[in-house]
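Subject: Structure handover

Hello,

Here is the structure for you to take over. My notes on it follow below.

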Amino acid sequence: MIDLFDSKGVSVPLGKKLGTGGEGSVYEVPAVGNDIVAKIYHEMVSLEKQVKLQGMVKVGDESLKKIAAWPLATLHTAVGGHIRGFLMPKVVGHEPIHHLYSPVDRKRIYHPDKDWAFLVNTARNVSAAFEAIHHHGHVIGDVNPNLVFVSGNSMVKLIDCDSFQIFADGKHYLSEVGVPHFTPPELQSHSSFRGIKRTTNHDNFGLALLLFHILLMGRHPFSGIFSGSGDMPLEKSISQFRYAFSRNAASKAMAPPPNSIKPEILPVGIANLFERAFTELGVPAGRPTARDWVVELDSLKRQLRSCGQESAHKYFGGLSLCPWCIQEQKYGTVFFLSLAATAGINSFDLAQIWARIIAVESPGAAPKISSSGFNITPIPLPAALKKAKQFFGIFSVFSGVNDSAERKIRQDALDSATNQMNLAKKSWDIEASDLKFNKKLKELEQLRIEYENLGNQLTYEKEKLQKNIRNAQLNKFLARCFIENNNITGIGSARKSVLVSFGIETAADIDRNTIMKIEGFGSMLTSNLVNWRRNLEQQFVFDPSKGVDPVDIATVNRHFAQKRKQIEGELLVGAKHLNQIRLQIMQSRTRLLPNVQKVSQQLAQAEADLALMG
């Protein structure tokens, strides 16, 4: 262990090592305090980096220390010697932000019912942290999810501040690192950031990416379905401004991934900020600032509403329907869950409601349409034809009279009347019959049967949970194995981000057929992922002493509670709907009957007229 001293020459002994990264390790420093730690570099740092650290200590104020693990004091190898590290605030009770915007991790690490209001507030606080950095003239530069940590009350801390671009003593100390899938389009062509001065507009691109991930369930805005030719790697998509969720995405041959949450769930103002951030509108200096985001997100916080079906669902009040309920109903994706969800029986009286339904009188079958029963007088034949018929009995070649013209006229009239009759009959069968009434009554009958069986179904599902504890434990084990945190052959950071955009975050999400459909993932890369999952499955150890996870029970309870409430709602208005259908049918009969009688009589007339021809 090396001896270290602060800038005043006071010895600073290191304690327990807390973690190791690429640049250095973090240690406890008991002599300084429990809320302070030391970052010690593995190698000697350059002279410029030493001056940068001294400048950071000098410009660090309370507002920066509040939102960042900002250097508090430099640590030297000897009194007045080379800088080997620095003291900084200890970040405790915080998790990397990707643990929050990942639905799987959010349920596991945070309380399962952390809702969208929590995410909105976190997004607001991330924006405020960026605003504080920019206010002091600094630029983060290497924006990425591993720099941002979030607490259980949505407070934000930025780490690795020594990698930021710092302005101190009138000089900019540059940031020379960056993550490709968080790098703005105008910098994508650079293989190195050495010597490149970053701007706040560059940061604003990375900030918008973080906020998109937070608000839209971990999706990457440039990862989608590419309909053009060839592959579309993430970095290329970014460099070509192929924002997959843009209103004009089709013009870039892009579309969002299937089943994804889209910016339509956001206020127009926030959706517009994303358009500016991710399209050509944002270059060279037009991207929304951190202050812009704070203002819009504060506004969104005031407009949030709670779902009437599920207390854990919070959403923008300008929407007519809860987007989280829609996701669950359409795709079975549960983003937010309240452990208080129950499937208990309420005061709904099925027998009483059903009695009201069957009390609605059926309209009965519609009267039959017929062209008979009319007192019809055929139109007389023309005089010449009449005379010929009287003389010869039938029209013949010997009569010298040709009846073809008159026969065609009468046949055409019959054909026209028949067509009119068919149209009238079709409308009558659709609108005047009791088919709609009987169909609705049958639907209500099926709902009644389903409702009566809900209790048995709930018991069956809970028993299935008990029987499948091993599989449930395996799935949870696999769900804790994040693709992001593992080295898988051929799966770099860009491809990992693409997988997340398609909802594939953990080993539990890996499915060969699903992955093979993603652009850029062929059989080899898919096999690498599948084999990684299989290796993890072999490491799984079943614990028979563990019961069913309360989250799983809450999920089942909530599903049945929602189903029960849905059926109750439909049955409650069942009698009303049947009455409405009955009234519509009776009105249709009254409205259509005159025309039906008219065309029936016309058909009878046309039939009689043609029959007169013999």
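This is a predicted model: local features need pLDDT of at least 70, side-chain atom pairs count only at pLDDT 80 or more; totals for chains, interfaces and linings use all residues.

I will start with a proline. P284 sits in the loop that joins α8 to α9.

Helix α8 covers residues 268–278 and helix α9 covers residues 290–302. They pack at an angle of about 155°, and their axes are 10 Å apart. Angles over 145 degrees count as roughly antiparallel, so α8 and α9 fall in that class. The crossing of α8 past α9 is left-handed. On the α8 side, the contact uses G269, I270, L273, F274 and R276. On the α9 side, D292, W293, E296, L297 and L300 take part. By class, this contact has six nonpolar residues, one polar and three charged.

**Two other helix pairs**

Next come α15 (residues 454–467) and α20 (residues 550–572). Their packing angle is about 165°, with the axes 10 Å apart. That makes this pair roughly antiparallel too. Here α15 passes α20 in a right-handed crossing. From α15, the residues in contact are L454, Q457, L458, E461, K462 and L465. They meet D552, I553, V556, N557, F560, K563, R564 and I567 of α20. Seven residues of the contact are nonpolar, two are polar and five are charged.

The other pair is α11 (residues 350–358) with α14 (residues 435–452). Their axes cross at roughly 170° and come within 12 Å. These two helices are therefore roughly antiparallel as well. α11 brings L350, W354 and I357 to the contact. α14 answers with L441, L444, E445, R448, Y451 and E452. This contact divides into six nonpolar and three charged residues, with no polar ones.

**The second largest pocket**

How much space lies in the second largest pocket? The value is about 1,200 Å³. The lining counts 42 residues, and E23, K39, D160, C161 and D162 are the closest to the centre of the pocket. Several elements give two or more residues to the lining. They are the strands β2 (17–20), β3 (24–28), β4 (36–41), β6 (83–89) and β11 (171–173), together with helix α1 (47–59). By class, the lining has 17 nonpolar, 14 polar and eleven charged residues.

D160 belongs to the loop between β9 (156–158) and β10 (166–168).

**The cavity**

How many cavities of 30 Å³ or more does a search of the whole structure find? The search finds one. The largest cavity holds about 50 Å³ of space. It is lined by 13 residues, of which G141, F182, T183, P184 and R198 are the closest to its centre. Six residues of this lining are nonpolar, four are polar and three are charged.

Over to you.

How values were computed
Residues are numbered from 1 along each chain as its sequence is written. Side-chain values use heavy atoms; hydrogens and water are left out. Axes are lines fitted to C-alpha atoms, for helices over the stretch in contact, and angles run from 0 to 180 degrees between N-to-C directions. Helices (H or I, at least four residues) and strands (E, at least two) are DSSP runs, numbered from the N terminus. Angles under 35 degrees count as roughly parallel, over 145 as roughly antiparallel, 65 to 115 as roughly perpendicular and the rest as oblique. A crossing is left-handed if the near helix is turned anticlockwise from the far one by less than a right angle, and right-handed if clockwise. Contact means heavy atoms within 4.5 Å. Ala, Val, Leu, Ile, Met, Phe, Trp, Tyr, Cys and Pro count as nonpolar, Asp, Glu, Lys and Arg as charged, and the others, Gly among them, as polar. On a 1 Å grid over the protein atoms alone, a cavity is a set of points where a 1.4 Å probe fits but cannot get out, and a pocket is an open set with protein on both sides within 12 Å along at least five of seven lines; lining residues have an atom within 4 Å of a point. Grid points are joined across faces, edges and corners, and a volume is the space filled by probe spheres set on the points.
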